[in-house]
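Hello,

Here is the structure I promised to pass on to you.

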Amino acid sequence: MVIAALVENKPGVLHSVSNMFRRRGFNIESITVGHTEQKGLTRMTITVSGDEKTLEQIAKQMNKLIDVVKVNQLEPESIVTRELALVKVNVPDIKSRSDIINCVEVFRGRVVDVSTESLMVEITGTPDKIDAFLNLMKTYGIAELARTGLTALSRGVKSLKVDE
Amino acid sequence: MTATKMSGADALLESFERQGVKEVFGLLGGAILPVYDALCHHPKIRHILVRHEQGAAHAADGYARASGRPGVCFATSGPGATNLVTGIANAYMDSSPVIALTGQVPSSGVNTSYMIGRDSFQEADIIGITTPITKYNHQLRTVAEIPQAVSQAFYVASTGRPGPVLIDFPKNIQAEVAAVEWTEHIDIRGYNPTTNPHPLQIRKAVELLAEAERPVLLAGGGVISANASDELLTIAELLLAPVATTFMGKGSFPEIHPLSLGTIGMHGNPLANKMILEADVLLAVGMRFGDRATGNTDTFCPSAKKIHIDIDAAEIGKNIEVDVPIVADAKKALSSIYERLIHQVKKNPESVWQTRIKDVRNQLNPSEQNEPKEFKPKTILQTLRKILPESTIVTTEVGQNQMWSALYFKALRPRTFISSGGLGTMGFGFPASIGAKVACPDRPVVDIAGDGSFIMTEQELACSVTEDIPVTVIVLNNSMLGMVAQWQRMFYKKRYMATKLGTSPDMVKLAEAYGAQGLRARSIPEFQKAVSEALKSKVTTVIDVPIGSEEDVVPMVPPGCGLGQQVGDY
């Protein structure tokens, strides 16, 4: 499940949010944080696991934090989710290099760095798609991996905004 | 708005004055010296010097609970600030509006080795440390932001569900002189407590209550902090519904009222624990279904329809599923319910429910003896109630003294029974009594203590004597850490590991060493005499009351059991 929150862009806000999760025993699977189109507001997208009741408590406890301005539980069926991964894949031989590049094209990724022994690939998509790509790359060997964690927006006109 | 040039320390103290602060409890140190120096020319603020910062935080807490206004404590950076932590955590658990001001090492300056983030001398990350135990905390970065930051701190601490707010004040900002503009403007877009109840929920609650055959009201500390006792009483009398309270709700409803059941919980009154389980509709107000109140939640009022009023939305459904949630200020919600309910209810003093309550009361709550012979905690506390004027503010320590007080000392008015319910902080009661006395100097203040708890903050005798804040401390002295010893007796086959305290110190001599009055009472008449003497005394009095070392607090609901499984007689 995905929770999106608008928070004040102030020092210590990420700490107070993550601290609340830790202290109440809620589990964060991923968290992404960045500026928004609204001045002074940062958006946090948090992927969590738990039943309906846990999610409701998480949202309520987040809302209690003074620097958290707005919290929404995003409905999985009405959102677009994306994650970005940078993967450094080993290239054992020339044939592997072209196989990997073919794979990258199928997944609509991009090769962003090339060296004699490795390729760096940029890939975006749902976490499932990235998992699938990584699974294929395991045959060649993954030298290094960085994933951003999931970010999400609701489809259509519905949006997370603070009334001015 | 006009801008005035002044130091950060002056700006802060003037902001406090504008909030109506007249007393602060504190203990200074290097990193808060500019603020203390500025206190010299702010004579409207009385500074009360404690002997340990924990005492300052508890005193501010006691002040807040007795008066309903935020209590303020000051400490220096590092160890001064960390010594406040227990008191802040205590205020957070019991939703008490405490403002803590801590000095901090400079945020910038000439000597760059003595700065925030360099592990400087007496530096502690008090913002990080207190994040989970404050409602809000903030480190000042500029002089200009001080007026608004202080207004917002008091606003956050005292509105919604009250709680402690900490302001961390770097030393260079205290000393810096800059233009300051006064503003009452509060702009916190992430903080809008819901105070007005939803009309639909009120209607549902009224329907349930109007149809109820066996209604029970359950009041928590929120009724006291919302000043909603009158509203609670009118509904209770309208419905002829018996009223139980949580431990924190003690005082929200007069415990000598014919509809009072006493407190529920682990050491609740058996009458309250029994009747609440028989309810068909439970109206719970300003409480959080804490584990010490509900016992095992699986067996807590399973068949009752539950209406839950609380100002904190996160409390609804946290521990117990409810049928009608009402997020609102207790006073507003109760008045809304009353306004609708009054047209729908007819009193029936002869109902089956009224008869049932009467019968159970006669069976479980025997009437008090007039001239008790036995010198036991029960008779001591019942005697104390008879001696103390109704206006007396009582604080307690934590442990057996506290639970005996819950059972046998009847609270008659809101804000007259002050105790550490949530955190269970030994050592709370005495400094809290000092705070309460400062808030209400014309009323008697009594700390019901145990020897184990009192010793933890006993050094504040020096504060109470030198600052001329006379209170009475009644030490129920069993030479044991009594409550833990009781658990060892019940659940660890009497293996008294580390619970025997012995007879040191002599409480009478201890009091005298501080310049306080020390008395000892070994019988009911001696006790009556000692308390009367203490009430007349111009100086703090400690009454040592030796009691048996293996006295149990019963009745008791064993841990993990439901309220119906209470053992022992009242």
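**What I found**

Strand β4 (residues 71-75) of chain B and strand β5 (residues 98-104) of chain B run parallel and are joined by five bridges. Two strands count as paired if DSSP finds at least two bridges between them, and the elements are DSSP runs numbered from the N terminus: helices are H or I of at least four residues, strands are E of at least two. Within this pair, Gly71(B) sits opposite Val98(B) in β5(B).

Before going further, please keep in mind that this is a predicted model, in which local features need pLDDT of at least 70 and side-chain atom pairs count only at pLDDT 80 or more, while totals for chains, interfaces and linings use all residues. Residues are numbered from 1 along each chain as its sequence is written, and chains are lettered from A and ligands numbered from 1 in the order in which they are written.

**Chain B**

The β4-β5 pair belongs to an open sheet of six strands in chain B, ordered β3-β2-β4-β5-β7-β6 with parallel pairing. β3 (46-49) and β6 (136-139) of chain B are at its edges, each with a single partner strand, so one side of each has no neighbour in the sheet. Neighbouring strands here are turned by 20° against each other on average, direction ignored. For angles in general, axes are lines fitted to C-alpha atoms (for helices over the stretch in contact), and values run from 0 to 180 degrees between N-to-C directions.

Next, the cores. The largest nonpolar core has 198 residues, and Ala56(B), Cys73(B), Leu218(B), Leu232(B), Ile276(B) and Leu282(B) have the most contacts inside it. Such a core is a set of buried Ala, Val, Leu, Ile, Met, Phe, Trp, Tyr and Cys residues joined through C-beta atoms within 7 Å. A residue is buried if 20 or more other C-beta atoms lie within 10 Å of its own, exposed if 12 or fewer, and partly exposed in between, with C-beta atoms placed from the backbone. Leaving out residues up to four places away in sequence, Ala56(B) touches Phe25(B), Gly26(B), Leu27(B), Val50(B), Cys73(B), Phe74(B), Ala75(B) and Leu84(B); contact requires C-beta atoms, placed from the backbone, within 7 Å. Another core, of twelve residues, lies apart from it and includes Val87(A), Val89(A), Val91(A) and Val104(A).

Helix α15 (residues 377-387) and helix α22 (residues 524-536) of chain B pack at an angle of about 40°, their axes 10 Å apart. They are therefore oblique to each other (under 35 degrees is roughly parallel, over 145 roughly antiparallel, 65 to 115 roughly perpendicular, the rest oblique). Thr379(B), Ile380(B), Thr383(B), Leu384(B) and Ile387(B) of α15(B) make the contact with Ile524(B), Phe527(B), Gln528(B), Val531(B) and Ser532(B) of α22(B).

Helix α17 (residues 429-439) of chain B is mostly covered, with eleven of its eleven residues buried; Lys437(B) is among them. Glu551(B), in the segment after β20 (541-546) of chain B, counts as partly exposed because it has 18 C-beta neighbours inside 10 Å. Not counting residues up to four places away in sequence, Glu551(B) touches Lys376(B), Pro377(B) and Asn478(B).

**Chain A**

Chain A has four helices and nine strands, and buried residues make up 27% of its 164 residues. Its C-alpha atoms fill a box of roughly 55 × 35 × 30 Å along the principal axes.

Four of its strands form an open antiparallel sheet in the order β2-β3-β1-β4. β2 (28-35) and β4 of chain A are the edge strands, each with a single partner, so one side of each is left without a neighbour in the sheet. The twist averages 15° from one strand to the next.

Strand β1 (residues 2-8) of chain A is mostly covered, six of its seven residues being buried. Six bridges join β1(A) to strand β4 (residues 68-74) of chain A, with Val2(A) opposite Leu74(A). Seven bridges join β1(A) to strand β3 (residues 41-48) of chain A, where Glu8(A) is opposite Leu41(A).

Helix α1 (residues 13-23) of chain A lies across β1, β2, β3 and β4 of chain A, at about 145° to β1(A). Helix α2 (residues 52-64) of chain A also packs on the sheet, touching β1, β3 and β4 of chain A, and its direction makes about 165° with that of β4(A).

Best wishes

Methods:
Two residues are in contact if their C-beta atoms, placed from the backbone, lie within 7 Å.
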